[in-house]
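Please look over the sequence and the model shown here.

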Amino acid sequence: MAVRAAHVLLIAALVVMASICTADALKTKRIRIQFYMHDIVGGPNPTAVRVAGRLTNYTGSDPIAAMFGSVSVMDNPLTVTPDPNSTVMGRAQGIYAASSQHREFSLLMTLTYVFNSGPYNGSSFSVVGRNPVMSEVREMPVVGGTGIFRLARGYCFARTYSLDQMDAIIGYNVTLYTIPKSHNHYG
C-alpha cells in the first residue's frame, strides 16, 4: 500500500512539474522593430532584379496584367532611417512575384530580414504573404525566425515612404512574439 501511495505521489509531482515547465516554455517575449527597406530596381547597382516574366508577348494595355508572372530576386539594404546613407542594420533577401492580373497590383513576398549590426546582429525573421503594393499600409505575417527571433510569429506593417519610377523606400513596423533564448535547448 505504501509503495502504491509513493507511486501516486511521484506521478502527481511529475504532472505538476511538466505543467509548470510547459507553461514557462509558452511564455513569449514581444519585440518591436522599425526600419526602412530600399528596393532599387533601376540604375547601375540594382538591389532587386527580375529573373522571370511572361513567356508570351503581352499585347494588352493593362500594366498590372503586363507584370503578372514577373519574379524578382532581392538583396535590399535595411536602414535605421529612410535616408539611403543612414546606418545599415541588415538586408532583406528573397523573392517577390507579381501575383495579380486585375485591378490591384499585388506581390507575393517570400523574404528573410537578416540583421548584421545592432542588438539583433546575427538574427533573422521571415515573411511570407500578399503585399497589395498600392495600398497605403500593408500587413504581412511573420512565419519564423532565427537567433533572438527563434520561433518568431507576428506581423509587419509596410508603408511606402517614397517612390521614384520603380525604386522605393518602404518603412516597416514589425511586431514579433518569440520564445526567450533561455527556453531554447540549443542556444
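Predicted model: local features only at pLDDT ≥ 70, side-chain atom pairs only at ≥ 80, totals over all residues.

Residues are numbered from 1 along each chain as its sequence is written, and side-chain values use heavy atoms, with hydrogens and water left out.

A pocket here is an open set of points on a 1 Å grid over the protein atoms alone, where a 1.4 Å probe fits and protein lies on both sides within 12 Å along at least five of seven lines; lining residues have an atom within 4 Å of a point. The lining comprises 30 residues, of which D39, F105, L107, V133 and M166 are the closest to the pocket centre. Two or more lining residues come from each of the strands β1 (29–39), β2 (48–52), β3 (71–79), β4 (88–98), β5 (106–115), β8 (153–164) and β9 (167–178); strands are DSSP runs (E, at least two residues), numbered from the N terminus.

In one of them, the side chains of R91 and D75 meet at 3.0 Å, N to O. R91 belongs to strand β4 and D75 to strand β3, so that the pair links parts of the chain 16 residues apart. R91 is partly exposed at 25% relative accessibility, as is D75 at 32%; the term covers values between buried (under 20% relative accessible area) and exposed (over 50%), with a 1.4 Å probe and protein chains only.

R130 and E104 form another salt bridge, with their closest N and O atoms 2.2 Å apart. Because R130 lies in strand β6 (residues 124–132) and E104 in the loop between β4 and β5, the pair ties together parts 26 residues apart in sequence. R130 is partly exposed at 45%, and E104 is partly exposed at 33%.

E136 and R159 form a salt bridge with the closest N and O atoms 2.8 Å apart. E136 lies in the loop between β6 and β7 (138–146) and R159 in strand β8, so this pair joins parts 23 residues apart in sequence. E136 is exposed, at 59% relative accessible area, whereas R159 is partly exposed, at 45%.

Key: Helix = DSSP H or I, 4+ residues; strand = E, 2+ residues; numbered from the N terminus. Salt bridge = Lys/Arg side-chain N within 4 Å of Asp/Glu carboxyl O.
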